[in-house]
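Q: I would like a close look at a single part of this structure, together with its surroundings.

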Amino acid sequence: MKKYLAYALLLTLLLVAPLLFYPVLLMKVLCFALFASAFNLILGYGGLLSFGHAAFFGGAAYVTGHAIKTWGLPTELGILTGTVAAMVLGLLVGVLAIRRQGIYFAMITLALAQMVYFVFIRSGFTGGENGLQGIPRGTFLGLVDLSNDRAMYYFVLGVCLIGFGVIARAVHSPFGQVLRAIRDNEPRATSLGYNIDRYKLLAFVISATIAGLAGATKSVVFQLASLTDAHWHMSGEVVLMTLLGGLGTIFGPAVGAAIIVTLQNTLSSGPLGAWVTVIMGLIFIICVLAFRKGIVGELQAALRKSFN
Amino acid sequence: MFSDLLGIAPQVLFGQLLLGLINGSFYAVLSLGLAVIFGLLNIVNFAHGALYMLGAFAAWLLGKYLHIDYWGALILAPLIVGFIGVLLDRFLLRRLAGVDHLYGLLLTFGLAMLIEGLFVKMFGASGQPFAAPKALNGGVNLGFMFLPYYRAWVVVASLVVCAVTWYVFERTKIGAYLRAGTENPKLLQAFGVNVPLLTTLAYGYGVALAAFAGVLAAPITQVNPLMGSNLIIVVFAVVVIGGMGSIMGAIVTGLSMGVVEGLTKVFWPEASSTIIFIVMAIVLVLRPAGLFGRTN
């Protein structure tokens, strides 16, 4: 009962948030929260460190931008097209990457994402260094004009809630249980008769798809798809958000994303603007050395202790 | 001539081959360092590119403020950066013993961000020119191509360093300890060898190799805070292709990938920036453990 009350409270907060804060920043936080949660599915629950998730995020942003701007698709279909593109890309990368484990998995996803990045630089439809600019926001189902920031916020909130729902469903399903079993002890899961490669691949594809959904939505919000979205720095950023918030916790990645996005926004306008990379690096090091459970993970541990 | 038959002037072909060989030398030295570090620490050193850059900057700073010439810097810069590596291992990486190996990758990733961010802040993102030593100015006309002395020196110096490393690892007593440390550190410790010291030295040496490559690269690429940031990803792909199992594997794969890249620039220029990743994908399909790798 308490749980539902908490969810209702959270939802109310999300609904009234644009009255209190700048909606564009909120939308950015939401998109990155979804991105980080998608990433958490593969790292936190699957134990696979993907260093190439920017390819899905940025790739979906490009495809969505192109679909809406050049093909003239309506906004919802544009986002759907980008998401499907990320799914296909996730399948291709995943099939190759799951052939190796651990550290190699990280290096392979990183290298393949870099390859995708070079393809984006070279292909004409991405607009090269300029990116795809001026993507029209359009309307929702032809009814609601999304150029209004508040209307856009509720649209983004809806999209992200669907994404979060899919992730939560996957984590709390038998599929999620098997995934955690594989993470904790791969040989044991194999000996229990699970085809671990199929589970890993499915988790990777779901993760890539939702990451794509986040990127696609972001490109509509900012009306821009650029190389930054696909660069490996972005892959590093999403690792940082997830790590800071808490690996393998449901709300951790969203908390991490909110902190990092807000921090970057605050820093970039202040005197410390040139230090953003350095500060991010420092947070990374501190997280790894002293704070491996992340904020939500540490809170949960502290709560558990106080109950015992 | 046969190369003329393919519609490509021999100067172009051999020029790109030489360029490929130079890039290959850097890949070889860098992936060698990664292999040494991985062997003993079980860490993929994401900071390798940043430390390569640090080597180039050390040489540049030594020249600018202490008037130490190229040859002095070629010795001193790797020593300085190697010492920094020893400190990094002692104070940061050491704390991750017994934790999942992925955290090592994440920690060194954070380090790379920190180091590169600091240098961009201090020196700007544009490159600083760095002159090649006077003794190596000019070049020789080989008939089919023009060979600049400095570029020939880069290849020779890299090969020598690779050969020395191979010899030390495969033919000397300390090499035997290092290989034993890779296989079974606990047992080696039980025999009375100071394994933590060995590990620290291995990290220092791997890092010094990166810095050495950085100094060699400085006159060719200029000294730029971000010179190592994209390179490290290519080197990772090289490492996946070769597998981190063997010293010789790292050297051979590094050199040949450079040559493959050079040839691609001649015959299929559009793919030159992605060819190594394509090769990696093919190797993963055909031989997932890598060309020289062993499973597990």
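Where in chain B does Asn194(B) lie?

A: This is a predicted model, in which local features need pLDDT of at least 70, side-chain atom pairs count only at pLDDT 80 or more, and totals for chains, interfaces and linings use all residues. Residues are numbered from 1 along each chain as its sequence is written, while chains are lettered from A and ligands numbered from 1 in the order in which they are written.

Asn194(B) sits in the loop between α8 (185-190) and α9 (195-221) of chain B, where helices are DSSP runs of H or I with at least four residues and strands are runs of E with at least two, numbered from the N terminus. Asn194(B) is exposed because 12 other C-beta atoms lie within 10 Å; a residue counts as exposed at 12 or fewer such atoms, as buried at 20 or more and as partly exposed in between, with C-beta atoms placed from the backbone. Gly181(B), 13 residues away along the chain, has its C-alpha atom 10.0 Å from that of Asn194(B).

The UniProt record (an unreviewed entry) lists residues 190-220 of chain B among its "transmembrane region" spans, in the numbering used here, with shortened feature names and annotations that may be inferred rather than shown by experiment. In the model that span is 87% helix and 0% strand, and its end C-alpha atoms lie 47 Å apart. Residues 68-88 of chain B, also listed in that record, are 90% helix and 0% strand, with end C-alpha atoms 26 Å apart.
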